[in-house]
Amino acid sequence: MKPLFRSIAVLTLSAASLSAGAALKPTDLFGEPAQAPSAERAIVTAVADRTITITDETKWVNVKHFEFIRFVSNGREFTWYFDGVAQPRPFDLAQIAPAGFVGHNVTVYVSLSERDSPGG
């Protein structure tokens, strides 16, 4: 009877973790727009730590975890707060940028910040 109970428990936990993972959007791993999406969920709108200009020659950008970055390209801009996973796999800027912001692949690399260090 114990093996049956264990199997049921494992299957239940597996299903729960799959449904929780399915609810995540890719941007949940990378952070969030620096502008508050609503009054109910207002966050402090910070001044960007840096501005990164994306040109046709830009292939990659390096940012730090917990950094506010203002991205500029062809007269358009958006600001992103990298407060997601400390070191997500490299990802395409198009995953977080407004539609049509950039017309080519730009890889984003997120490194650890001082706040990620013990005692920092």
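Which residues do ring pairs link into a cluster? Ring pairs link F71, F78, F82 and F101 into a cluster. The model is predicted, so local features need pLDDT of at least 70 and side-chain atom pairs count only at pLDDT 80 or more, while totals for chains, interfaces and linings use all residues. Residues are numbered from 1 along each chain as its sequence is written, and side-chain values use heavy atoms, with hydrogens and water left out.

**Exercise 1.** Count the aromatic pairs and classify the pair of F68 and Y81.

*Solution.* Rings of Phe, Tyr and Trp (its six-membered ring) pair if their centres lie within 6.5 Å; planes under 30 degrees apart count as stacked, over 60 as edge-to-face and the rest as tilted. By this rule there are four aromatic pairs. For F68 and Y81 the ring centres are 4.1 Å apart and the planes stand at 10°, so this pair is stacked. Because F68 lies in strand β4 (residues 68–73) and Y81 in strand β5 (residues 76–81), with strands being DSSP runs of E of at least two residues, the pair ties together parts that are 13 residues apart in sequence.

**Exercise 2.** Decide whether F68 and Y81 are buried or exposed.

*Solution.* Buried means under 20% relative accessible area, exposed over 50%, and partly exposed in between (1.4 Å probe, protein chains only). F68 has 12% and is buried, and Y81, at 14%, also counts as buried.

**Exercise 3.** Classify the pair of F71 and F82.

*Solution.* The ring centres of F71 and F82 are 6.3 Å apart and their planes are at 70°, so the pair is edge-to-face. Both residues, F71 and F82, are buried.

How values were computed:
Helices (H or I, at least four residues) and strands (E, at least two) are DSSP runs, numbered from the N terminus.
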